[in-house]
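Please examine the sequence and the three-dimensional structure shown below.

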Amino acid sequence: MAGVELKNLSKAYGDVEVLHDINLSIADGEFVVFVGPSGCGKSTLLRMIAGLEKVTGGDLMIGDKRANDLSPRQRDIAMVFQSYALYPQMTVAENMGFSLSLEKRSKNEITKKVQEAADALKLGPFLERKPGQLSGGQRQRVAIGRAIVRNPQVFLLDEPLSNLDAALRSETRVEISELHQRMETTMVYVTHDQVEAMTMADRIVVLNGGYIEQVGSPMDLYNNPATEFVAGFIGSPKMNFVKGRYADAVGAATLGVRPEHFEIGQGDNTWEGKVTLVERLGHDTILYIRVPDAGVVTVSLDGQHNQQVGDTVHLRPKPEFIHKFNEQGRPIVA
């Protein structure tokens, strides 16, 4: 196993630089997730670690080796892609053991490693099936198993759950997290889904426009965003941002309040608005409230509530949870 060190890493296509001065240390055994909007550079950065994209500037270290000029095979990494890329004519066992057979490993060794990976991924009953006989979630587990049998120093996963439906995504997300805990292997995971990032990562790397905006634990990013961008990207439903008189009242260019940090009720200093939409999820209720001078504000309430579209409600942000940002999108610290 090994850590990964990125030192002043950059990537350019011709005159266009798409990743700028990336500095990041990933510890041996850590689960790190890259998140950010489309085009932010997260997949390009992962592919640079894998050796599928050439490093333009800086140093890439895997373990104690400078990996800039090493081939993907020499880096001792394994990558799981969004597409399963399984051989349809091979069985599950043959797909999982294919890379070992190319390395001329013995049949006994291949069988042992494939069985161990199958047990870890609950694929034992499916080893003699072809990929076409499996569900999407099972096929993705086979792709993960194919990486596991190689016992690489670093696992790289590029949006591996994007092709799965919501229920399978949730199930497979848990399986990958449990797998990491058992194997204690370094994992670097790319996703556009911040819920995946929040529930799986030891640390999250938020990228924006080819730059790192912030690195930290999920709760650190959630509670102490370093920029307005991070505050809006981390959290679902996303943070409310309000300008104008409500922001002016607290000395900010922008006032940020997460949906769960509002109180509903009468009293002084409340914001009055009309409910435009109600989402009843059972475990909580999401209200969309049009507030004059603030726009549509999202409010998340625990449990089940009886507000209806058209109701007038009064809401107040909890003072201890208010985020204040200046004109540059940086937090204002009292």
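Glu184 is located in the loop between α5 and β8. In this predicted model, the phi angle of Glu184 is near 55 degrees, a positive value in a residue other than glycine. Most residues other than glycine have a negative phi, and most peptide bonds are trans. Is Glu184 buried or exposed? Glu184 counts as exposed because its relative accessibility is 58%, and the cut-off for this class is over 50%.

Asn8 also shows a positive phi, of about 50 degrees, although Asn8 is not a glycine. Asn8 belongs to strand β1, which covers residues 4-13. With a relative accessible area of 43%, Asn8 is partly exposed. The peptide bond from Ser236 to Pro237 is cis, and its omega is near -5 degrees. Pro237 is placed in the loop between α8 (228-233) and β11.

## The protein as a whole

The protein contains nine helices and 18 strands. Along the principal axes, its C-alpha atoms fill a box of roughly 75 × 45 × 30 Å. The protein has 334 residues, of which 49% count as buried. Among the contacts with a separation of 6 or more, 63% are made by residues 24 or more positions apart.

The protein exposes about 15900 Å², and carbon and sulfur atoms supply 48% of this area. It carries 36 positive and 42 negative charges, whose mean positions are 6 Å apart.

## The six-stranded sheet

What is the order of the six strands in the open sheet with mixed pairing? The order is β6-β7-β8-β3-β9-β10. Strands β6 (77-80) and β10 stand at the edges; each has a single partner strand, so one side of each is left without a neighbour in the sheet. On average, neighbouring strands of this sheet are turned by 15 degrees against each other, direction ignored. Strand β3 (residues 31-35) and strand β9 (residues 203-208) run parallel and are joined by four bridges. Within this pair, Val35 stands opposite Val206 in β9.

Helix α4 (residues 136-148) lies across β6 and β7 (154-158), and runs at about 175 degrees to β6. Helix α5 (residues 166-183) lies across β3, β7 and β8 (186-190), and its angle to β8 is about 160 degrees.

## Ile212 in strand β10

Ile212 lies in strand β10, which covers residues 211-216. Ile212 counts as partly exposed because its relative accessibility is 26%. Leaving aside neighbours within four places in sequence, the residues in contact with Ile212 are Ile22, Asn23, Leu24, Val205, Val206 and Leu207. Ile144 is 68 residues apart from Ile212 along the chain, and their C-alpha atoms are separated by 28 Å.

## Helix α2 and its cover

Helix α2 spans residues 92-102, and its buried residues include Val92, Asn95, Met96, Gly97, Ser99 and Leu100. The cover of the buried residues of α2 includes α3 (107-120) and α4.

## Antiparallel pairs

Strands of a sheet pair through backbone hydrogen bonds, either parallel or antiparallel. Three strands form an open, antiparallel sheet in the order β11-β12-β18. The twist from one strand to the next averages 25 degrees. Strand β12 (residues 254-257) is joined to β18 by three bridges. One of the pairings links Gly256 to its bridge partner His323 in β18.

Strand β14 (residues 271-280) pairs in the antiparallel sense with strand β17 (residues 312-317) over four bridges. In β17, Thr312 is the bridge partner of Lys274. Strand β14 also runs antiparallel to strand β15 (residues 284-291), to which six bridges join β14. Val275 has Ile289 in β15 as its bridge partner. The hairpin of β14 and β15 has three residues between the strands, and in this hairpin Gly282 takes a positive phi near 90 degrees.

Notes: Residues numbered from 1 in each chain as written. Predicted model: local features only at pLDDT ≥ 70, side-chain atom pairs only at ≥ 80, totals over all residues. Heavy atoms only, no water. Pairing = 2+ DSSP bridges. Helix = DSSP H or I, 4+ residues; strand = E, 2+ residues; numbered from the N terminus. Axes fitted to C-alpha atoms, helices over the stretch in contact; angles between N-to-C directions. Buried < 20%, exposed > 50% of the residue type's maximum accessible area, 1.4 Å probe, protein only. Contact = heavy atoms within 4.5 Å. Areas by Shrake-Rupley, 256 points an atom, 1.4 Å probe, with all protein chains shown as cover. Lys, Arg positive; Asp, Glu negative; His and termini not counted. Charge placed at Lys NZ, Arg CZ, Asp CG, Glu CD.
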